[in-house]
Each structure stands twice: as C-alpha cells, then as structure tokens.
Amino acid sequence: MTAILEAIAAAGVERRDVRTSLVGLGPITDYSSERAPRVTGYQLTNSVELTVRDLAAAGKVIDAGLGAGASSLDGLEFRLADPAPAEDAARRAAVEDARRRAATLAAAADVTLGLVVGIVEGSRPSPMFERGGIEGMALKAASGTPIEAGTQEVVVSVTVTFLVGHSA
C-alpha cells in the first residue's frame, strides 16, 4: 500500500484527497480436500478512496496506482466540486416551470393566476451521472486510462401554490 500511495502522490493526488475506506482480514480456505476445509492463509484487504480534482489526470492516477501494485479498481463517481450554483439555477428553472404550468392550467380553467402563497422544495435526489445532455460538461482524460465524465445532472423538485381568482 505504501508503494501505491507514493505512486498516486507522484501522479498529483494530494494527501488530503486520500482516505482509507476499508481494512479487512479474512481467511483463505482450501475446500479441495475430502476432509474438512482448512485455512491455508489469510488475505488482507486495504482500500483507499481518492479525490482527483483534475479530470485530465484521472487516467494517469489510475495507471499509477495499478502499476504500483493495486489489484482492483472498484468504481468511479463524478461530483460537482460546488453544486450550489447548479442547484440554485435548477430551483429558479423549477419555479419558472411551475409558474408556466400554473398559467396554462389557470387559462384552461378560466381563472386568473394570483400571487404565490407557498413554495416547498421536495426531497433532493442525489446527483446522477449521465452521458450526454445539453447542460453538462463532457471531458476526456488527456493521457493514460481514458476517463469520460459525461454529464452531471442536478434535479430539484418544487411545489408552488398560487392564489387563483375567477375571471370577470
């Protein structure tokens, strides 16, 4: 693990971006004998999670870790460094959409749309990784194992309550 940590540091991952996520020890059991199974050794598992802040370096970091002896790569997760601006934009868009829909419904019901008397934000789903899309950033690693970020989708749900009045 020391060699792996040194390799990923040399590839540009700062110490603050490395976190031990699992340390485990379990028996290696031989079941091939006709007699009872027997323990032939033990396996140590030591896993770390990394935050790679430069997507272009992600392939180089993966290659460095695997080249230094890491035996597995369990997955990738893409996150926005600061989701607040995207969430705020999604909230504005959700309220504008609610107003547009309410105006259509009010016109169909022959009533007037009044003031907003309540807004409730629904539970926020976790941001999802998706490929493609208009709002996203598709980036590709410059070298090493190719990594594609696809699109980060931010979803906000709102319920807006409007006063309605009868048309004259």
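**Group meeting talk: α3 and its surroundings**

Okay, let's start with α3, which has 25 residues and spans 36 Å from its first C-alpha to its last, close to the 36 Å expected at 1.5 Å a residue. That expected span is 1.5 Å times one less than the number of residues in the helix. When I say helix, I mean a DSSP run of H or I with at least four residues; a strand is a run of E with at least two, and both are numbered from the N terminus.

Before going on, a word on the model: it's predicted, so local features need pLDDT of at least 70 and side-chain atom pairs count only at pLDDT 80 or more, while totals for chains, interfaces and linings use all residues. Residues are numbered from 1 along each chain as its sequence is written, and side-chain values use heavy atoms, with hydrogens and water left out.

Now the overall picture. The protein has three helices and six strands, and along the sequence they go α-β-β-α-α-β-β-β-β. There are 168 residues, and 19% of them count as buried. Buried means under 20% relative accessible area, exposed means over 50%, and partly exposed is in between, using a 1.4 Å probe and protein chains only.

How about contacts? Take the ones between residues at least 6 apart in sequence: 64% of them join residues at least 24 apart. A contact here is heavy atoms within 4.5 Å.

Back to α3. Which of its residues are buried? They are Glu-87, Ala-90, Ala-94, Ala-98, Ala-102 and Ala-106. The cover over the buried residues of α3 includes β3 (111-121) and β6.

Let's look at β6 through one of its residues, Val-158. Leaving out residues up to four places away in sequence, Val-158 touches Ala-94, Val-95, Val-120, Glu-121 and Gly-122. Glu-121 is 37 residues from Val-158 in sequence, but their C-alpha atoms are 4.3 Å apart in space.

Next, the second largest pocket. A pocket is found on a 1 Å grid over the protein atoms alone: it's an open set of points with protein on both sides within 12 Å along at least five of seven lines, and a lining residue has an atom within 4 Å of a point. This one holds about 160 Å³ of space. Its lining has 13 residues, with Ala-98, Arg-101, Ala-102, Leu-105 and Phe-162 nearest the centre. The elements giving two or more residues to that lining are α3 (84-108) and β6 (158-166). α3 gives the most, with seven residues.

Phi of Asp-110 is near 60 degrees, a positive value in a residue other than glycine. Most residues other than glycine have a negative phi. Is Asp-110 buried or exposed? Asp-110 is exposed, because its relative accessible area is 55%.

For contrast, here's another aspartate, Asp-17, in the loop between α1 (2-10) and β1 (18-30). Asp-17 has a relative accessible area of 6%, so it counts as buried. Apart from neighbours within four places in sequence, Asp-17 is in contact with Glu-49, Leu-50, Thr-51 and Arg-53.

Last stop: Gly-65, in helix α2 (residues 58-67). Why does Gly-65 count as buried? Because its relative accessible area is 7%. Not counting residues up to four places away in sequence, Gly-65 touches Ile-4, Ile-8 and Ala-70. Ile-8 is 57 residues from Gly-65 along the chain, and their C-alpha atoms are separated by 5.8 Å.

How values were computed:
1 Å grid on protein atoms, 1.4 Å probe; cavity = no way out; pocket = protein on both sides within 12 Å on 5 of 7 lines; lining within 4 Å. Points joined across faces, edges and corners; volume = space filled by probe spheres on them.
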